[in-house]
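Here is a quick briefing on pockets, sheets and helix packing, for reading alongside the structure.

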Amino acid sequence: MAFFEARDISISFGGLKALNRVSFQVEEGEVFSIIGPNGAGKTTIFNCINRYYTLDEGTFVFGGKDITRARPYAIAAKGIARTFQNIELFKNTTVLDNLLLGRHRHRKTSFLSEALFLPWVRKQELRNREKAEEVIDFLDLQAYRDQQVAGLPYGVQKTVELGRALATEPKLLLLDEPSSGMNMEEMEDLSYWITDIKEELGITILMVEHNMRLVRKVSDRVLAMDFGVVITQGETKEVLEHPDVLQAYLGEEGAATRS
Amino acid sequence: MRFVMKRDYNEDIRLFRYRSTFFWYLALVAGCLMAPLVLDEYLLSQLTFVCMYSVATVGLMLLTGYTGQISMGHAAFFAIGAYTSAILTNHGVPFLMALVAAGFLAGLVGIVIGLPALRLSGLYLAIATMAFSFIVEEILARWESVTRGNMGMMVEPPSIGPLVFESETRYYYLSLVILILTIVAARNLLRSPTGRAMVAIRDSEVASQAMGISLAKFKTMAFAISAFFTGVGGSLYAHKLTFINPESFTILLSIELLAMVIVGGLGSIHGAVFGTAFIIFLPQIIIMTKDYMPKYLAEQTGLEPFIYGVMIMLFILFEPLGIYGRWRKTKFYFEMFPLYKKDTFRREKKYFKAERH
């Protein structure tokens with residue numbers, strides 16, 4: 001049984017079929033990338049997993065359980081974390097607070113004990129802090145720890161978002177265009193981090209990405225889609241060189257000259 | 001300038017960041033305790049008002065300043081607290097129990113209001129809470145068998161055991177203690193997951209959900225906690241005035257409370273207290289400066305509300321972080337002297353003026 005599975009998912013907005021019977025399986029411990037031109041429906045898949053949208057048809061199965069109808073906050077509680085294409089950080093707080101917010105799903109205290117700040121609340125805070133610090137070390141965010149997110153460079157904000165997702169200690173990590181807006185150097189770092197997240201932390205990654213260099217470098221398998229339907233899926237190399245994929249990206253002529 | 005070497009995570013968690021901060025707060029509390037020795041009866045009673053309104057505005061600050069939910073209905077929670085406490089003590093319930101009950105009933109109503117308010121935000125939420133405020137006002141006026149309607153009701157001065165808080169000084173100490181407890185509770189919440197979740201909801205609802213924060217749970221909780229504190233403030237108010245009627249809890253009071261948190265600086269507990277003190281002492285300041293104003297201005301009717309309004313407008317335009325923001329900048333200036341750069345705060349201001357606020 002697959003670790004995460006989308007079965008025949010469909011959703012339409014008005015007359016537009018944003019997703020049309022899309023199916024794929026993500027195996028535990030792999031990096032699975034979804035590629036496709038703008039408007040292909042990649043981010044829509046993420047938004048459906050997170051329940052910002054509700055599927056018209058189809059199901060998501062995660063860890064053997066149907067999560068199609070779970071509440072949006074419950075998705076995170078099940079161990080699915082995500083980042084956003086356009087940064088969605090808590091901008092008026094520090095980097096550290098953002099990471100600590102990632103720890104929210106591990107909250108075990110009631111608000112009454114928190115109002116009194118009982119010893120176990122402090123203990124939980126210390127543990128949260130330690131985990132946040134691990135993430136800071138992992139992503140080299142030490143220099144920004146106490147800075148307001150709103151003033152940080154775009155690339156760093158992207159990294160903080162990744163850190164916040166990691167702080168939740170997810171089983172499955174959804175990365176929505178993690179490299180967009182990053183410079184070459186930051187992207188290089190990102191590719192190593194993704195590999196490390198997979199290999200050292202053992203987190204499965206589902207990624208939407210436009211940058212083919214990054215996709216080629218880190219993905220185990222790739223799914224290509226256009227206009228809400230799957231063009232092809234399989235091993236990274238195969239998919240990236242598939243004639244239909246080239247055509248979707250480069251158009252009729254481009255594909256012809258490439259081949 | 002101060003450079004800090006941190007050795008322990010507790011240093012980031014504790015209430016007072018530096019030992020000097022602790023010292024200053026201690027000095028402040030000592031100063032407040034000494035106040036009755038220096039101030040005359042009238043000023044002391046104004047200070048009591050600052051304390052008990054602050055209990056309410058700290059509550060409103062948690063909701064509006066931290067969770068980002070506007071409320072034009074806090075006069076209603078204030079009224080619920082006042083009436084609950086008044087009715088209970090008149091029936092012989094001990095004051096402390098009545099005070100807590102006032103908070104809890106207000107909190108309970110807060111949950112009921114918070115639930116439908118989940119789907120509303122911004123202006124719509126303001127209007128919904130305002131409507132709630134009108135409803136409560138109407139109930140207080142019409143439910144004569146319990147509230148004595150527009151006739152109003154007398155309230156006993158509170159007592160804890162043999163200790164009766166009838167003198168100005170004693171009542172001042174009572175309000176001060178409750179204010180301090182309120183502030184500590186609020187600060188505790190803010191440094192734990194609940195407070196962080198509230199701030200998260202303010203900054204990005206989408207991302208909070210992705211972090212596993214239930215909007216329904218934490219928004220209602222914010223409403224309930226906020227209403228609880230406001231109810232406690234209301235209870236103190238009732239026992240201070242010893243007479244309440246529905247006219248004390250109109251929409252004007254809601255606006256006044258909101259003005260206090262905005263002028264004080266949204267998103268800071270300091271701001272709630274500063275703003276309250278400012279708004280309460282403003283009429284005094286206006287009266288004192290009246291002598292120096294040109295006659296046609298000083299005798300103008302509606303001078304006070306006008307100055308109120310202008311104040312709020314000026315703060316929103318030029319200092320969205322309120323009095324507390326000003327204070328921080330002044331402090332920063334002296335800490336950094338002579339290296340202060342004006343730009344340090346510009347970005348922050350720009351952000352606060354952006355479309356999300």
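The lining of the second largest pocket is made up of 24 nonpolar residues, 4 polar ones and no charged ones (Ala, Val, Leu, Ile, Met, Phe, Trp, Tyr, Cys and Pro count as nonpolar, Asp, Glu, Lys and Arg as charged, and the others, Gly among them, as polar). This is a predicted model, where local features need pLDDT of at least 70 and side-chain atom pairs count only at pLDDT 80 or more, while totals for chains, interfaces and linings use all residues. Residues are numbered from 1 along each chain as its sequence is written, chains are lettered from A and ligands numbered from 1 in the order in which they are written, and side-chain values use heavy atoms, with hydrogens and water left out.

**The second largest pocket**

- Its space comes to about 770 Å³ (a volume is the space filled by probe spheres set on grid points, which are joined across faces, edges and corners).
- A pocket here is an open set of points on a 1 Å grid over the protein atoms alone, with protein on both sides within 12 Å along at least five of seven lines; a cavity is a set of points where a 1.4 Å probe fits but cannot get out, and lining residues have an atom within 4 Å of a point.
- There are 28 lining residues, and A:Leu112, B:Phe104, B:Ala185, B:Phe228 and B:Phe229 are the closest to the pocket centre.
- At least two lining residues each come from helix H4 (111-116) of chain A and from helix H5 (95-117), helix H8 (168-190) and helix H11 (215-241) of chain B (helices are DSSP runs of H or I with at least four residues, strands are E runs of at least two, and both are numbered from the N terminus).
- H8(B) gives the largest share of that lining, with 9 residues.

**Cavities**

- The count is 3 cavities of 30 Å³ or more, and the largest cavity has a volume of about 60 Å³.
- Among the residues lining the largest cavity are A:Thr83, A:Phe84, A:Lys158, A:Glu161 and A:Met182.
- H6(A) supplies the largest share of this lining, 4 residues.
- By class, the lining of the largest cavity splits into 6 nonpolar, 2 polar and 2 charged residues.

**H3 against H6 in chain A**

- Helix H3 (residues 95-102) of chain A and helix H6 (residues 154-167) of chain A have axes that come within 7 Å and cross at roughly 35 degrees (axes are lines fitted to C-alpha atoms, for helices over the stretch in contact, and angles run from 0 to 180 degrees between N-to-C directions).
- A:Val95, A:Asn98, A:Leu99 and A:Gly102 of H3(A) meet A:Val160, A:Gly163, A:Arg164 and A:Ala167 of H6(A) (contact means heavy atoms within 4.5 Å).
- That contact of H3(A) with H6(A) has 4 nonpolar, 3 polar and 1 charged residues.

**The six-stranded sheet**

- An open sheet of 6 strands in chain A runs in the order E6-E7-E8-E3-E9-E10, with mixed pairing (two strands pair if DSSP finds at least two bridges between them).
- Strand E6 (80-82) and strand E10 (229-235) of chain A are its edges, each pairing on one side only.
- From one strand to the next, the twist averages 15 degrees.
- E6(A) runs parallel to strand E7 (residues 172-176) of chain A, joined by 3 bridges, and A:Arg82 stands opposite A:Leu174 in E7(A).
- H6(A) packs on this sheet, touching E6 and E7 of chain A, with its direction at about 160 degrees to that of E7(A).

**The four-stranded sheet**

- Chain A also has an open sheet of 4 strands, ordered E2-E1-E4-E5 with antiparallel pairing.
- Strand E2 (16-26) and strand E5 (65-66) of chain A are the edge strands.
- Strand E1 (residues 4-13) of chain A pairs with E2(A) over 7 bridges in the antiparallel sense, and A:Ile11 has A:Leu19 in E2(A) as its bridge partner.
- The hairpin of E1(A) and E2(A) has 2 residues between the strands, and A:Gly14 takes a positive phi near 65 degrees there.
- Helix H1 (residues 42-49) of chain A lies across E1, E2 and strand E4 (57-62) of chain A, at about 75 degrees to E2(A).
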